[in-house]
Amino acid sequence: MNTKETKLSVVIHTEEEFNWDSGFFASNNRVSHGKELVQFCEQLLAIGANIVFAMDYAFVSSDEGQNVIRHFKKNHTDNIEFAAHLHPWVNPPFANEDQIQERDSYPGNLPEDIEKTKLSALTDLIELHTGYRPTTYLAGRYGIGKNSHKILKELGYKVDLSITPFTDYGYQEGPDFSKYNNDEVMIEGIRCIPHSTGFISYLPFFTDYLNKTPGNLDRLNNSFLGKVLLRLLGVSKVRLSPEGFNAKEMGLLTESLIRIGVGHLIFSFHSSTVKAGITPYTQDEVSLKTFEQDAFNYLNNVKNLRHKTLSSAKQ
Ligand SMILES: [Zn+2]
């Protein structure tokens, strides 16, 4: 296994704080975790991480968000990248109502002209505050649609991070990524690097079998014996994120993805998770400590990978 060839980027969904279970409102645009975000990211940078801040409109237009941008612009240039993250409900042009329907929370479900106008407004705002036009994109709720890559190309984007392998968000009107594994794909001239997600089990060769081909797990799940086997082998689905996954689980996924030749890993979390009491992952100081420790332990364990931002990771 040639770990020197594998790249890793830390991608932060950098956004406002909102209650993830109570709907999507234009007025939910509060950002109060700027100081905690700077402190935590400074520790990740000290370990050797390169960080991509995928920022949404509410974050970039907030005072705290602008302080975060100023801090990293001033103190780090080579190991930081500012990218775009479109949450349509807090991004102009706004709908008439404060609340939008779940279907419209996925940018890729919007009419093409509205998706483009919103992303264009976000791109301009990011350029205004960072000094350059972002070239990396992450759709809010991973919600890319049939027009998204054409729009990205037209606006000068190069990389999209929205694909979530082996996952179908169709039950909540989101995109279906169940046909994707963690390999990079080009879609309409945009380089798509999946948000690392896959399977772990007690047996490395079986883990690799599941991670290679979409559908392998489903085939086993369709039979009684297959289900028993999955259980006996301790199969579970893991995202490369300290939000709900520990350093050991992330390490096992990483080893498998490296063995099967995945070239670029994405380690991700949401910006407001770094402050206790906001997201479901860190509701108190104890769970915040666990989250931080899993992030530090994992990144320390993968120090030998090539840590990259996306704009610097040309292939
Ligand atoms: Zn988001």
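This text walks through one predicted protein chain, from its overall build to single residues.

The model is predicted, so local features need pLDDT of at least 70, side-chain atom pairs count only at pLDDT 80 or more, and totals for chains, interfaces and linings use all residues. Residues are numbered from 1 along each chain as its sequence is written, and side-chain values use heavy atoms, with hydrogens and water left out.

Start with the whole chain. It holds ten helices and 13 strands. These elements are DSSP runs, numbered from the N terminus: helices are H or I with at least four residues, and strands are E with at least two. The radius of gyration is 19 Å, close to the 20 Å that the globule rule gives for 315 residues, so the chain is as compact as a globular protein of that length. That radius is taken over C-alpha atoms, and the rule is 2.2 Å times the number of residues to the power 0.38. Along its principal axes, the C-alpha trace spans about 55 × 40 × 40 Å.

Of the 315 residues, 55% are buried. Buried means under 20% relative accessible area, exposed means over 50%, and partly exposed is in between (1.4 Å probe, protein chains only). The chain exposes about 13900 Å², and carbon and sulfur atoms supply 51% of that area. Accessible areas come from the Shrake-Rupley method with a 1.4 Å probe; for residues, only the protein chains shown count as cover.

Contacts tell how the chain folds back on itself. A contact means heavy atoms within 4.5 Å. Take the contacts with a separation of 6 or more: residues 24 or more positions apart account for 73% of them.

Charge comes next. The chain has 32 positive and 38 negative side chains. Lys and Arg count as positive, Asp and Glu as negative; His and the chain ends are not counted. The centres of the two sets lie 7 Å apart. Each charge is placed at NZ of Lys, CZ of Arg, CG of Asp or CD of Glu.

Now find the zinc ion. Its protein donors are Glu15 (OE), His85 (NE2) and His87 (NE2), lying 2.1 Å from the ion. Donors are N, O and S atoms within 2.8 Å of the metal (3.2 Å for Na, K and Ca); water is not among the atoms, so sites may look incomplete. In sequence, the donor residues are spaced E-x69-H-x1-H. Glutamate 15 and histidine 87 link distant parts of the chain, 72 residues apart. Glutamate 15 sits in the loop between β1 (7-14) and β2 (24-25). Histidine 87 sits in the loop between β4 (80-86) and β5 (99-100). Both of these residues are buried.

The loop between β4 and β5 also holds proline 93. A cis peptide bond joins proline 92 to proline 93, with omega about 0°.

Two other loops have backbone angles to check. Tyrosine 142 lies in the loop between β6 (136-139) and α5. Its phi is positive, about 60°, although tyrosine 142 is not a glycine. At 10% relative accessibility, this tyrosine counts as buried. Glutamate 173 lies in the loop between β7 (159-160) and β8 (185-187). Glutamate 173 also has a positive phi, near 70°. Its relative accessible area is 41%, so glutamate 173 is partly exposed.

Move to helix α5 (residues 148-154), the place of leucine 152. Leucine 152 is buried, with a relative accessible area of 0%. Beyond its neighbours within four places in sequence, leucine 152 contacts Leu119, Tyr137, Tyr157, Asp160 and Ile190. Glycine 156 is partly exposed, at 33% relative accessibility. From glycine 156 to asparagine 222 is 66 residues in sequence and 43 Å in space, C-alpha to C-alpha.

Helix α6 (residues 204-212) contains phenylalanine 206. This residue is buried, with a relative accessible area of 8%. Not counting residues up to four places away in sequence, phenylalanine 206 touches Ser201, Leu220, Leu229, Leu230, Leu233 and Val235. The C-alpha atoms of phenylalanine 206 and valine 235 are separated by 9.2 Å, and the two residues are 29 apart along the chain.

Finish in helix α1 (residues 34-47), where glutamine 43 lies. Glutamine 43 counts as partly exposed, at 39% relative accessibility. Phenylalanine 296 is 253 residues away along the chain, yet the two C-alpha atoms are separated by 8.3 Å.
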